[in-house]
Amino acid sequence: MSKDIKVALIGNPNTGKTSVFNSLTGLKQKVGNYPGITVEKKQGVCKLSRGVKAHITDLPGTYSLNTTSLDESVAVELLLNRNAPDFPDLAVVISDVENLKRNLLLYTQIRDLRIPAILVINMADRMTRKGISLDVEGLEKHLDTRIALVSTRKNTGIDHLKKLIENHRQIPSTPCVDISVIAPDYFEKLRKTFPKENLYKLWVVITQDVNFTPLQKDYPKTKQDFPARSRAELKRMQHRETILRYQYINGILKETYKVDWQAAKGLRASIDKILTHKVFGYLIFFLILLTIFQAIYDWSEVPMDFIDATFVSASEWIKDTLPPGVLTDLIAEGIVAGIGGIVIFIPQIAFLFFFIALLEESGYMSRVVFLMDRVMRPFGLSGKSVVPLMSGTACAIPAVMATRNIDSWKERLITILVTPFMTCSARLPVYLIIIALVIPDERFAGLSYQALTLMMLYLIGFVAAILSATALNRILKVPSRSFFVVEMPSYKMPLWKNVFYTVVEKTKSFVYGAGKIILAISIVLWFLGSYGFSEEFHKAPEIVQERVASQGLSEESKAYVADKIKEYRNSVRVGITPGPNTIALGSLQDSLQLLRTELEVRAINQEIASYRLEESMIGHMGKWIEPVVRPLGYDWKIGIAVLTSFAAREVFVGTLATIYSVGSDEEETIKNRMAAERKVDGQPLFNLPTGISLMLFYAFAMQCMSTLAIVKRETNSWKWPLLQLVGMTLIAYIAALAAYQILS
Amino acid sequence: MVSWQHILAYLILGAALLYLMRKFIWDPFGAKEKKKGGCGDEDCGCH
C-alpha cells in the first residue's frame with residue numbers, strides 16, 4: 001500500500017472529533033465540552049506503519065446530512081463532491097457512547113452515499129459508570145463495518161483505529177437503508193432521470209437548505225423529466241426518511257446496546273436541575289463569575305509585580321551595559337518598555353483562559369448557554385448566539401466565525417454586529433491598568449472593589465451586546481426563522497492536559513499576535529517621540545532652564561518634589577543622637593536640603609524630557625488630536641494611545657509605556673509612570689473621572705482592525721463593518737464624554 | 001556623523017514600518033488568494 005489515505009473525521013457536535021483528530025495527528029487544536037467549537041475544517045497528518053500517511057480532515061459537527069447552517073454544510077459538501085481534492089477515501093464517523101442512537105443516524109446517511117465508513121465509539125471510559133454494555137462484534141456484523149472503541153481521555157483504542165484506517169480497503173461501502181421505500185414512484189423517476197448518479201446523493205442535494213457551489217441545489221431541475229416536489233412535500237419525505245433510519249437503528253441497538261438507566265441518570269439530572277434552575281442557575285453563574293474575577297486579581301498580583309520589576313531592571317541593564325547611543329535608547333525606552341506593556345498581563349490573561357477552559361471542559365458552559373437562551377429570547381437572539389458571545393470574551397475573531405452555526409441570516413448578522421461589545425482579552429490590559437490606578441485596592445465583604453469593577457465591565461459589555469441586538473432586531477428588515485436545540489454534554493472532570501494546552505496556546509497567541517504589532521508600533525512611536533523638527537525641540541534644555549529661572553518649577557514638578565520629601569520624612573526616624581535607622585535632629589535639615597537640591601535637578605531634567613516630547617513629532621500629532629479627546633478628560637498622550645490602539649486595543653498600554661518612557665529620564669514601572677502623570681494643575685491625570693471615561697470608551701469602541709476584517713469577510717460586504725465601526729465609536733465617545741462630564 | 005547605532009536603529013525602524021504597512025495598509029483585510037471551491041472554504045463569498 002503506497003498511496004496516502006484521505007480521511008474525513010465527521011460526527012455529531014461534541015462527540016470529541018477534535019480530540020480524536022489531536023490524538024491521531026499529534027496536533028493541539030482547541031477542544032471543549034460544548035457543541036460548536038469547530039466551525040471550519042482543519043487538516044493534519046497521521047503517520048501509519050510502512051510509511052503510509054493518512055491526511056485527516058476534521059470537519060465541523062453535524063447532526064445529519066440535512067444541513068441548516070453554514071458550518072454543517074462544510075462537512076456535507078465535502079462528502080458530496082467526489083471531484084474535490086479532499087474527497088475522502090474513508091469516513092471516520094465519531095460517535096459518543098452515551099448518544100449512540102442519535103449518532104448512528106449520520107453514520108447510516110454517510111454509508112448511503114457509498115463512502116466506506118468506520119464507526120468510532122468515543123468516551124468508552126464512561127461505559128461502566130453510565131451502566132452501558134455494548135456488543136461491539138454484534139454491532140460490526142449488523143452494520144457491516146469495523147468499529148473502534150476509543151477513549152481519548154484515557155488514550156485507549158487509538159492504535160486500533162490507526163490499524164483500521166490503514167486497512168481501509170477492507171471496509172465495505174454498501175448502503176445501510178434503502179430510502180426509496182418512502183416514496184417509490186418519486187425515487188424511481190429520479191433514478192431514471194439521473195441513471196449515473198447515486199440516488200441518495202441526489203436526494204441530499206435536492207433537500208438541503210444551504211446552497212453548495214459545485215453542487216447547486218437547482219442542478220436537478222435542469223433536467224426536463226425531473227420530478228419536482230414542493231418544499232413542504234420534500235420536508236415530509238425527509239421526516240419519513242428519519243423515521244425509517246431510526247427504525248433500522250433501533251432494530252440493531254436492541255440486540256447490541258443495553259443501558260442501565262438507574263445508573264445513567266441520577267446525579268447528572270440532579271446537578272442539572274440546580275445549575276439550570278430559573279433562579280439558582282443564574283445565582284450560581286453570577287457567583288462563579290465573581291470567584292473568577294476575584295481569583296484573577298488575587299493570584300496574579302505577585303507574578304505581575306515580578307514581571308514589571310524585571311522589565312525595569314532589563315531596561316536599566318541595557319542602558320548601563322550597551323554603549324550609549326540611539327540604538328541603546330531605542331531598545332531600552334522603546335522596545336523593552338513597549339513589550340513590557342503587554343507581557344505584564346500574561347498572568348491575568350492566563351488565569352482567565354484557565355477558568356474559561358475549566359468551564360468548557362467540565363460541561364458547565366452548555367448549561368450557561370441554556371440559561372442564556374432564556375435571557376436572549378426577548379432581545380431577538382437565541383441560545384445559538386450565546387456560543388459566539390461567550391467565545392467573544394476571549395477574542396471577537398473566532399467568535400464572529402462561530403456565528404456560522406446560526407442558521408437564520410438575520411440572527412447571524414445581529415450576532416456578528418454585537419459580538420465585539422463582549423469584553424475580549426485585548427480589553428483586559430486596558431481595564432487592569434486603569435482599575436489599578438483609579439479604583440482603591442480595598443475590600444468589601446471579602447470582595448475587592450477592583451475585582452467588582454472588572455466584573456461590572458464584563459457585564460456592561462454583555463448588556464451593550466443584548467441592547468444593541470434588540471435595536472438591530474427592530475431595525476433590520478430581514479426575514480428570519482430560528483430555533484435552538486442545545487445538547488447537554490455529560491459532566492466531566494476537566495482533562496488537565498487539555499486545560500494546559502488551551503491556556504498555553506491562547507496565551508501564546510495573545511502575546512505573539514498582539515506582541516508583533518505592539519513591538520512595531522513601539523519602535524515607530526519611539527522615533528516619533530525622540531525626534532522633532534522645531535527649534536523648540538532642539539533647544540529644549542535652554543528653554544526649560546530659562547523658564548525655571550524666571551518662573552520656578554512647574555506645578556507638577558513642585559508636587560513631585562513635595563511628595564518625595566514627605567516620603568523621606570516618613571521613612572526616617574529622628575533622634576537626639578544618630579543610630580541605626582535614626583538620623584540626628586541636627587542633621588535632618590542638612591539632609592533635607594541636599595535631597596531637595598537633588599530632586600530639583602531631577603525635576604528639571606524631567607521637565608526637559610517632557611518638553612522635548614511635547615515638541616517632538618508625536619507631540620505635534622497629539623496636540624492636533626487633543627481638541628477631540630480633551631472633553632473626555634484625556635491629554636494628548638492618551639489621545640495618541642487611543643489612536644494607535646485602533647490597530648488592537650492592547651496597544652494602548654504599550655503606547656503609553658513607550659511615550660512615558662521617552663518623556664522621562666528615570667526608569668520606572670508602567671503603573672508608577674502612569675500614576676505619576678499630572679495635569680497642568682498638578683492633579684493626577686489618571687483620576688476616577690478620566691479612568692471611568694477611558695474604561696467606558698474601550699468597553700464600547702470598535703478598536704480592532706482584525707475584527708473589522710473578519711466581519712467584512714463573513715458578511716461579504718463593507719456596509720456592516722463600517723456601520724459597526726461608526727456606531728460603536730459614537731456610542732463609546734458619548735458614553736465616555738457623559739461619564740467624564742458627570743463625574744468631574 | 002552617522003554611527004553604527006544610527007544605521008541599526010533606522011534599519012529596525014524600516015522593518016517596523018514595513019511590517020505595519022503590510023499588516024494594515026497593503027493587505028489589511030486579509031484578501032489573500034481566494035481558494036477555489038465551495039462554501040466549505042473560508043472565503044466562498046456565496047452567502
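This briefing walks through a strand in chain A, a charged surface patch and an overview of chain B. Keep in mind as you read that the model is predicted.

**Strand β1 and its partners in chain A**
- One partner of β1(A) is strand β3 (residues 53-58) of chain A, and the two pair in the parallel sense over 5 bridges.
- To find this pairing in the structure, look for Ala8(A), whose bridge partner in β3(A) is Thr57(A).
- Strand β4 (residues 90-96) of chain A also pairs with β1(A), again in the parallel sense and over 5 bridges.
- Here you can look for Leu9(A), which has Val92(A) in β4(A) as its bridge partner.

**A patch of negative charge**
- Four residues gather in a negatively charged patch on the surface: Glu301(A), Asp305(A), Asp441(A) and Glu442(A).
- Glu301(A), one of the patch members, sits in helix α11 of chain A, which covers residues 280-321.
- Is Glu301(A) buried or partly exposed? Glu301(A) counts as partly exposed because its relative accessible area is 45%, and that class lies between the buried cut-off of under 20% and the exposed cut-off of over 50%.

**Chain B at a glance**
- Chain B has 47 residues, and 23% of them are buried.
- Its secondary structure consists of 1 helix and 0 strands.
- The accessible surface of chain B is about 3500 Å², with 65% of that area belonging to carbon and sulfur atoms.

Definitions and conventions: Residues numbered from 1 in each chain as written. Chains lettered and ligands numbered in written order. Predicted model: local features only at pLDDT ≥ 70, side-chain atom pairs only at ≥ 80, totals over all residues. Heavy atoms only, no water. Patch = residues over 30% accessible without salt bridge, like charges linked within 9 Å, V, L, I, M, F, W, Y side chains within 5 Å. Areas by Shrake-Rupley, 256 points an atom, 1.4 Å probe, with all protein chains shown as cover. Salt bridge = Lys/Arg side-chain N within 4 Å of Asp/Glu carboxyl O. Lys, Arg positive; Asp, Glu negative; His and termini not counted. Charge placed at Lys NZ, Arg CZ, Asp CG, Glu CD. Helix = DSSP H or I, 4+ residues; strand = E, 2+ residues; numbered from the N terminus. Buried < 20%, exposed > 50% of the residue type's maximum accessible area, 1.4 Å probe, protein only. Pairing = 2+ DSSP bridges.
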